Amino acid sequence: MVYKFRVILDAEEDIFRDIAILEEDTLEDLHNAIFNSFGFDGMEVASFYTCDETWNQEEEIPLFDTGDVPGEQKTMSDYTLSDLLDKENTKIIYVYDFINMWTFLVELAAIEEQATGNTYPETLFSHGEMPDDSGEKNFEADMHDDIYGEFEDDLDEDDLDMFEGDDSFEDYGFEENWN
């Protein structure tokens, strides 16, 4: 079977590629198809991330084993596409180049019979030009009502007076030495 993906760059403009690839190919094969179809040189590190239906990032699947124990962490080459994606699980996130953080939303759009004579992977459709940079990424965590969260130490400015008059601390005169 052939998996047909729409790979969308997470950007202001509509920039996407439609890619056909065999279901028994690996995530590493999909990685190669994506960076080639978007014009990257393939010299940067990348990862896929499993996600839920609303694109919330879950488990990382890196290109290389970065774990403490060699062979313990599964990489892109360890997963076939059909291991992770099917008619019910259609979404995965792809991040290329962890300095520029090119982020792509990858969605399985169709599963079809393999066409005789076609070579896969294949870029079926290309829309939009890649921008010069990946743009600003806004990574936010859920904040508690309390800005200090669980790390509140209950100290305020008046509590610092507890060190005044304590001769066990030597004053190195840092204020005068820093120019």
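## Basis of the model

The model is predicted, so that local features need pLDDT of at least 70 and side-chain atom pairs count only at pLDDT 80 or more, while totals for chains, interfaces and linings use all residues. Residues are numbered from 1 along each chain as its sequence is written, and side-chain values use heavy atoms, with hydrogens and water left out.

## Overall architecture

The protein contains three helices and seven strands, where helices (H or I, at least four residues) and strands (E, at least two) are DSSP runs numbered from the N terminus. Along the sequence these elements follow the pattern β-β-α-β-β-α-β-β-β-α.

Of the 179 residues in the protein, 31% are buried, a term that means under 20% relative accessible area with a 1.4 Å probe and protein chains only. Among contacts (heavy atoms within 4.5 Å) with a separation of 6 or more, 61% join residues 24 or more positions apart.

The seven strands form an open, antiparallel sheet in the order β4-β3-β5-β6-β1-β2-β7, two strands being paired if DSSP finds at least two bridges between them. Because β4 (57-62) and β7 (122-127) each have a single partner strand, they stand at the edges, and one side of each is left without a neighbour in the sheet. From one strand to the next the twist averages 25 degrees, with axes fitted to C-alpha atoms and angles running from 0 to 180 degrees between N-to-C directions.

Strand β2 (residues 16-22) pairs with β7 in the antiparallel sense over five bridges, and Arg17 has Ser126 in β7 as its bridge partner.

## Ser37, Arg17 and the aromatic rings

Ser37 counts as buried because its relative accessibility is 14%. Leaving aside residues up to four places away in sequence, Ser37 touches Arg17, Ile19 and Thr123. The charged end of Arg17 in turn sits over the ring of Phe38, 4.5 Å from its centre; the criterion is that NZ of Lys or CZ of Arg is within 6 Å of the ring centre and within 35 degrees of the ring normal. Likewise, the charged end of Lys74 sits over the ring of Tyr79, 4.7 Å from its centre.

Ring pairs link Phe35, Phe38, Phe40, Phe48, Tyr94, Tyr96, Trp102 and Phe104 into a cluster, where rings of Phe, Tyr and Trp (its six-membered ring) pair if their centres lie within 6.5 Å.

Notes
Phe/Tyr/Trp six-rings, centres within 6.5 Å; stacked < 30°, edge-to-face > 60°. Buried < 20%, exposed > 50% of the residue type's maximum accessible area, 1.4 Å probe, protein only.
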